[in-house]
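Thanks for coming, everyone. I'll take a few minutes on one model, looking at charges, a helix and some rings. Have the viewer open.

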Amino acid sequence: MATYKPKKQKHPLRVFGAAVAVCALLAAAGVWVFARGAKPAAVRTPPPPVQPNVPNKTAPTASFARKGDGGAIDTSNAADGYILARCKTQREARLVLETDDERRNEYLPPDGEWHAYPLTLGNCEYSARICLNKNGDWYDIVLETAFYSAAGDPAAESSMDRFLVPNHFVPYTESDAVVELAHEIYAQTETETDVADEAFQWVNRNIRYDDSLTFDETGARLTGFYLPDFDRVLEDGTGICSDYASLFAAILRVDGIPCQVVYGDVETSGGVRPHAWAVAWLPDEAGTYRWWRFDPQYGLRPASYHETCAVSGAPAETSRYGEAEQIH
């Protein structure tokens with residue numbers, strides 16, 4: 001079981017005699033510390049409150065919500081770099097985001113709740129469609145709407161909220177174990193880069209890659225969307241690439257650091273394979289913020305904050321990352 005435990009301060013005391021003698025020693029030690037003028041350790045300010053899965057709002061704006069058979073799309077926050085969608089159905093659901101140049105198929109939970117989707121295809125005209133599976137690879141379009149976003153650049157500083165909240169690929173609530181883990185890491189660090197480094201090391205050291213998670217009970221390779229389950233990951237201490245990346249991103253988001261989960265390809269000595277990694281919004285040594293790539297599975301992180309991506313200490317098989325196919 002992979003659990004995070006803060007370092008305990010050691011108090012080396014030799015205990016003589018009965019319990020009364022122990023108490024006397026402790027009391028004497030307390031007087032000595034006070035007499036030496038010891039100051040209490042500095043306490044870091046509390047971490048930011050855990051954000052809900054709908055940034056900056058509790059309900060969508062009805063005038064911007066488009067409703068159809070089986071779902072609704074709210075584009076009122078397109079200027080902030082995200083939209084909301086929901087669907088209540090027994091069928092497999094997808095949210096399709098499309099521009100003139102690119103299309104992305106996103107998993108849409110069929111639970112009837114609002115879910116946030118970051119816009120990362122550029123500053124342009126978008127179309128959004130809710131599609132329900134009909135048969136095999138065929139889907140019915142039950143709702144479609146068009147909108148423009150000037151905040152569709154993944155690096156837009158004006159719309160960082162979309163990478164500070166949970167979603168179905170970075171799932172957590174205030175009471176989850178991953179939030180407790182993030183708070184413990186926050187309490188033992190001093191800066192944003194410290195948080196990122198500590199989170200990276202914890203995930204890399206405590207999670208073991210388990211390829212069996214990519215197969216179903218019949219032994220067939222899983223297809224479609226793999227959604228992380230942080231409770232299982234932390235309990236078993238195992239995961240696949242998306243578990244590594246999403247767990248790292250969750251810790252940073254809880255601690256107030258924008259972090260993306262990126263899906264794409266990585267070129268290795270064994271060929272090109274699908275992969276997931278994280279990209280965090282952090283300052284360099286000059287204080288300028290930019291995106292830095294962290295790959296907890298392969299052990300890749302910025303060796304120096306002068307570099308965008310480090311190769312120092314990387315496994316020999318990892319040599320190059322492809323373009324992002326999805327960003328969450």
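**Salt bridges, a helix and rings**

Start with E92, which forms a salt bridge with R94, the closest N and O atoms being 2.7 Å apart. The rule for a salt bridge is a side-chain nitrogen of Lys or Arg within 4 Å of a carboxyl oxygen of Asp or Glu. E92 is partly exposed, at a relative accessible area of 39%. R94 is buried, at 11%. Buried here is under 20% relative accessible area, exposed is over 50%, and partly exposed lies in between, with a 1.4 Å probe and protein chains only.

Before I go on, the ground rules. This is a predicted model, so local features need pLDDT of at least 70 and side-chain atom pairs count only at pLDDT 80 or more, while totals for chains, interfaces and linings use all residues. Residues are numbered from 1 along each chain as its sequence is written, and side-chain values use heavy atoms, with hydrogens and water left out.

How confident is the predictor? pLDDT is its confidence in each residue, from 0 to 100. The chain averages 77, and 75% of the residues score at least 70. Helices (H or I, at least four residues) and strands (E, at least two) are DSSP runs, numbered from the N terminus. Over residues 3-42 the pLDDT is below 50, and beyond near neighbours in sequence this stretch has 17 contacts in the model. A contact means heavy atoms within 4.5 Å. Residues 304-318 also stay under 50, with 39 contacts beyond four places in sequence.

Back to charges. How many salt bridges does the structure hold? Nine. One of them joins R129 and E144, at 3.5 Å from N to O. R129 lies in strand β7 (residues 124-135) and E144 in strand β8 (residues 138-149), so the pair ties together parts that are 15 residues apart in sequence. R129 is buried at 10% relative accessibility; E144 is partly exposed at 49%.

Another bridge pairs D243 with R232, at 3.8 Å from N to O. D243 sits in helix α5 and R232 in helix α4 (residues 230-236), eleven residues apart. D243 is buried, at 0% relative accessibility.

Next, helix α3, residues 192-206. At 1.5 Å a residue, its 15 residues should span 21 Å, and the end C-alpha atoms are 21 Å apart, which agrees. The expected span is 1.5 Å times one less than the number of residues. The buried residues in α3 are T193, V195, A196, D197, A199, F200, W202 and V203. An α-helix has 3.6 residues a turn, so residues three or four places apart point the same way. What covers the buried residues of α3? The cover includes α2 (177-187), α4, α5, β12 (271-283) and β13 (289-294).

Last, the rings. Rings of Phe, Tyr and Trp (its six-membered ring) pair if their centres lie within 6.5 Å; planes under 30 degrees apart count as stacked, over 60 as edge-to-face and the rest as tilted. By this rule there are seven aromatic pairs. One of them is F163 with W291, edge-to-face, 5.9 Å centre to centre and 90 degrees between the planes. F163 is in the loop between β8 and α2, W291 in strand β13, 128 residues apart. Both are buried. With W281 and Y289, they form one aromatic cluster.

Notes. pLDDT = per-residue confidence, 0-100.
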